[in-house]
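The following exercises are to be worked through with the coordinates at hand. Each task is followed by a stepwise solution.

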Amino acid sequence: MKSTFGGLNIVVRGLNAQQVSLDTVGHNISNANTDGYSRQSVNLTTSAPETIYGGNGPMQAGTGVSITSVVRARESYLDQQYWKENASLGYTGSLSDNLAKIEGIFKEPSDTGLQTTLDNFWKSWQSLGTNASDTGMRTVVRQRGVEVVQAVKKAEQQLRDMVTDANSTIEIKVGNINQITSQIADLNKQIRKVEFAGTDHANDLRDRRDLLVDQLTKIASVTASEDTNGNCIVRAGGNILVGANDAEQLKTYTVKDADYGYSLTNVRFTSVDMPFSTNGGELQGIIESRDSRQNGVKGYMDQLNTTSQFFLTDFNDQHLKAYGTDNTNGNNFFGDAGTYYTNAATNLATIQGAPLGYASMGKVYGANTTGVTLGSDYDHPSATNNWLDQLKVNPALFDTTTGLGKIAAKTSPVPNLPPVTVQQSNLNGGIGTFIGTTYNSADSRTYTVKATAVNSTTGAITGVDFSYDGGKTWSTVPAASITTVAGPPAAGQQVVMTDGGGRTATIVMGTTTGNKVADTYTFTVNQGNASGDNAANMADMLKKTTSAVLGNTTLDSYYSANMGALGVQSQTATKMSTNQTTLVGQITNWRQSISGVNMDEEMSNMIRFQKGYNAAARVLTTMDEMYDKLINGTGVVGR
């Protein structure tokens, strides 16, 4: 026979089940906006039945409901996907942000970018080529050179500042990692205590632990898995970062960059003392943005360094072999006076035997030189080939007395004028040679000689007219000024031409039977201090002349290509970050569809559990009336 008061136990279990379910609904609603919270639910099962006996034998009578567990809604597969893609999001985000900063440094295209500064430098050399003796134009060239140096140095300093910022951020990220891993290790211990018996579920503690893993994977690419005891084991690069009981701490250390000497903050494990490596996450993005020669600060430092190397070597070489208004050569435009900047390993004997007398320049900078005694004047001043450190406009050009005169705008000194361009109307005639002239910068630079009489037997030119104005006006050379000279061209005719202004020119035309009357020889000579032929060459160095230093391209093309690559890299990184954000958002939505709190669903559950509680309470009231009648009304019949 079933116990008379057994129904009370059933109702109490029902009330308790509905109460716990209603409390869980309240817990869900309260944490609907809590980061990392997973919706919880109560698992209910029927309690063990009671055996009763009736007219047909034993029967199983229900005893109510039992609460078996309170569990959270969680999908581990989605967690693993999220952690993997979250690391990629952190990496691409850091890469995109840093490339945007590099774009901000170079500011291309803009009126204040390095490209505009280089263009202004090129224009100044072109202008100098029109009148190289003009002091104002020389001053502009020098100042435009200063602007180039300042622009390169400013970009270099800003890139160095990015390195400093990256180092500081790495310090912060490592501190965050250590804090997070320590908390995960502590939560492992707490969860083990709660779940020791194997029946309880540490739902809220597990949510907090998973949220920490979410945060950790954004910083560094790690793998997280759960062992048989419920511990979250975190690994990075094959090494355990968080174990069952404790966490491995990371530490930072500083080294010097081998090329540019700035400080680099790197990361190691503390106990095993080995480098901490990760293939994703914000930390990897920051390190790559700093150290990569392809798309990082280091790569753009290399490009500035290469540009500086071009100015100090190839550009300087063109300037060294030309002449200033002081008729001296061997002057650097960039770098220090007295230093020869070279791209290749150079033998000292070669330098000493150079036509410009580079041995007198004192030092050699660039590739390691051979035959150089350490500690001597020719000692290599730097083993790192950091051309950025050497870049400056030659201080000698700022000397108030002689500085501007050292800017080499002409290819020949005065009065030594060769080479001279000669154009002959009769290619079978004798070869013309220019000997010398006296003139000032205002004179004509073109001399035209025309044969008016030729010996038909020997080919000797016996009559000559000349012009200083390109053939507009002709004058006759006196016969006494036409003499035969020894030496090449053999038995040539030396012609001394003098006009009324005192200007003279001496020219030799070879003797040959090929000479004809009316043959003309046009000699275009150096303009003296006003000559700007080398200024044109210097301008070409910036726009037209290719350089092995720059990868066999021009400076203009080299810089444009680099800025184009920067733009493409930045766009690519931005697209990758945007796509990754979308993907992580989708996975987050999937996680939320399982673990998130749906307010409509919770309100429905609240009403359902409320109704269940009310119904159980009503049953209890009914039983109370029954028991009251049974207890208080039994045995009072007839009283």
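Two strands pair if DSSP finds at least two bridges between them; helices (H or I, at least four residues) and strands (E, at least two) are DSSP runs, numbered from the N terminus. This is a predicted model, in which local features need pLDDT of at least 70 and side-chain atom pairs count only at pLDDT 80 or more, while totals for chains, interfaces and linings use all residues. Residues are numbered from 1 along each chain as its sequence is written, and side-chain values use heavy atoms, with hydrogens and water left out.

**Exercise 1. Describe the open sheet that 3 strands form, and state which strands stand at its edges.**

Step 1. The strand order is 5-6-7, and the pairing is antiparallel.

Step 2. Strand 5 (223-226) and strand 7 (239-242) each have a single partner strand, so one side of each is left without a neighbour in the sheet; these two strands are the edges.

Step 3. From one strand to the next, the twist averages 35°. Axes here are lines fitted to C-alpha atoms, for helices over the stretch in contact, and angles run from 0 to 180 degrees between N-to-C directions.

Step 4. Strand 5 and strand 6 (residues 232-236) are joined antiparallel over 4 bridges. A224 has V234 of strand 6 as its bridge partner.

Step 5. Helix 4 (residues 135-194) lies across strand 6 and strand 7 and runs at about 75° to strand 7.

**Exercise 2. Determine how helix 5 and helix 6 are placed relative to each other.**

Step 1. Two packed helices are described by the angle between their axes and the distance between the axes.

Step 2. The axes of helix 5 (residues 203-219) and helix 6 (residues 281-291) come within 3 Å and cross at roughly 15°.

Step 3. Helix 5 and helix 6 are therefore roughly parallel to each other (angles under 35 degrees count as roughly parallel, over 145 as roughly antiparallel, 65 to 115 as roughly perpendicular and the rest as oblique).

Step 4. Helix 5 contributes T217, K218 and I219 to the contact, and helix 6 contributes G281, E282 and L283; contact means heavy atoms within 4.5 Å.

**Exercise 3. Is Q40 buried or exposed, and which residues does Q40 touch?**

Step 1. Q40 belongs to strand 1 (residues 40-46).

Step 2. Its relative accessibility is 8%, so Q40 counts as buried (buried means under 20% relative accessible area, exposed over 50%, partly exposed in between, with a 1.4 Å probe and protein chains only).

Step 3. Not counting residues up to four places away in sequence, Q40 touches T24, H27, N28, V70, V71, R72, N203 and D204.

**Exercise 4. Characterise the pairing of strand 14 with strand 15 and strand 20.**

Step 1. Strand 14 (residues 446-454) runs antiparallel to strand 20 (residues 520-524), joined by 5 bridges. T446 stands opposite T524.

Step 2. Strand 14 also runs antiparallel to strand 15 (residues 461-467), with 6 bridges; V449 has F466 as its bridge partner.

Step 3. The hairpin of strand 14 and strand 15 has 6 residues between the strands, and G459 takes a positive phi near 85°.

**Exercise 5. Where does T553 lie, and how many residues separate T553 from K543 in sequence?**

Step 1. T553 is in the loop between helix 10 (533-543) and helix 11 (555-595).

Step 2. T553 and K543 are 10 residues apart in sequence and 9.7 Å apart in space, C-alpha to C-alpha.

Step 3. With a relative accessible area of 21%, T553 is partly exposed.
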